[in-house]
Amino acid sequence: MKAVVYTQPGLPIQDPQSLYDTELPAPQAGARDLLVEVKAIAVNPVDTKIRASRGGQQPQVLGWDAVGVVREVGPEVTLFRPGDEVFYAGAIDRPGSYSELHVVDERIVGHKPRSLNNADAAALPLTSITAWELLFDRLGIAEQAGQGQSLLVVGAAGGVGSILIQLASKLTQLTVIGTASRAESQQWIEELGADHVIDHTRPIAAQLAAHELECVDYVISLTHTDTYLGQLVEVLRPQGKLALIDDPAQLDVVPLKRKSLSLHWELMFTRSLYQTDDMIKQHHLLERVSSLVDKGVLRTTLGEHFGAINAENLRRAHAVIESGRARGKIVLESF
């Protein structure tokens, strides 16, 4: 099968060996696995982080967002059958989806939204799971709750922020404030449903005050948390909650104590990595997202379509992700 791989970690993305085209043996489905013919993929920051840090003697396959068609099912599979169109984000400890065929545990897979084409659907799985778990699992906000409360999302124009803004504005009663530094990103966040948009390169408290917000009840920080931490502690209400997904080299959490603030870290791969008892919750979550898309409640967060799935196009996509200037999701389609 065709695949895009790398061997040596840390190569600059301009190097042809940082990602290259090759042929690999087709994978075999395990007991609860689906063998999926991959139709479209999306590129995420985790792809670039793994490429920079993890290598091996054997070719490494990245990719944790996919849409495809089930070709075979393992003997213990109960949720899907051959011919089903699916979307999912895969598992970080298994080969990724930059390949024509891919195996994935059925418990972290959902049926593709019927109303979306493959490219639009590929933009959704990883970020939808991350955003959903941040909002409803980590922060513990109930659906249709939050009246009179507020949520600040730092770095809201990226992949996770693009779906998080929608979930918070459509499924809760929170006042939603998103941050972005560029005019086009700010417009994007407004279109997705944010009540207010501010610029995280300017003092946050003063901008909130301009919107008659003295403080916020929840903060979700999606980027550069170490840079903004002091301001986030300042604007959080006492006993508020701070959630994050990024990987600061250091994070001094002592300032959270004075306000009794709680810290919540989200990694959407945790359930599959540890085979948790509630791992199937990601299947149910994706089924719900698919239904909400088909009902017109949620929209795709596709930002750019980079063409066919090949090494050249994936190197271009990784370069944009590494620049930190991606808006929405970058998607590639078909081999």
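**View 1. The C-alpha centres of domain 1 and domain 2 lie 28 Å apart.** The contact, meaning heavy atoms within 4.5 Å, takes 15 residues from domain 1 and 17 residues from domain 2. Domain 1 covers 1-125 + 268-331, and domain 2 covers 138-264; the bounds come from an automatic or database domain assignment. This is a predicted model, in which local features need pLDDT of at least 70 and side-chain atom pairs count only at pLDDT 80 or more, while totals for chains, interfaces and linings use all residues. Residues are numbered from 1 along each chain as its sequence is written, and side-chain values use heavy atoms, with hydrogens and water left out.

**View 2. The largest pocket has a volume of about 1300 Å³.** Its lining consists of 46 residues, and P45, K49, L222, T223 and I245 lie nearest the centre. A pocket is an open set of points on a 1 Å grid over the protein atoms alone, where a 1.4 Å probe fits, with protein on both sides within 12 Å along at least five of seven lines; lining residues have an atom within 4 Å of a point.

**View 3. Both domain 1 and domain 2 supply at least three residues each to the lining of the largest pocket.** Helix α1 gives the largest share, six residues. At least two residues each come from α1 (45-53), α3 (125-138), α4 (159-171), α7 (225-235) and α10 (311-323). Helices are DSSP runs (H or I, at least four residues) numbered from the N terminus. By class, the lining has 20 nonpolar, 17 polar and nine charged residues.

**View 4. The axes of α4 and α5 (residues 183-192) come within 9 Å and cross at roughly 35°.** S162, I165, Q166 and S169 of α4 make the contact with W188, I189 and L192 of α5. Axes are lines fitted to C-alpha atoms over the stretch in contact, with angles from 0 to 180 degrees between N-to-C directions.

Key. Grid points are joined across faces, edges and corners, and a volume is the space filled by probe spheres set on the points. Ala, Val, Leu, Ile, Met, Phe, Trp, Tyr, Cys and Pro count as nonpolar, Asp, Glu, Lys and Arg as charged, and the others, Gly among them, as polar.
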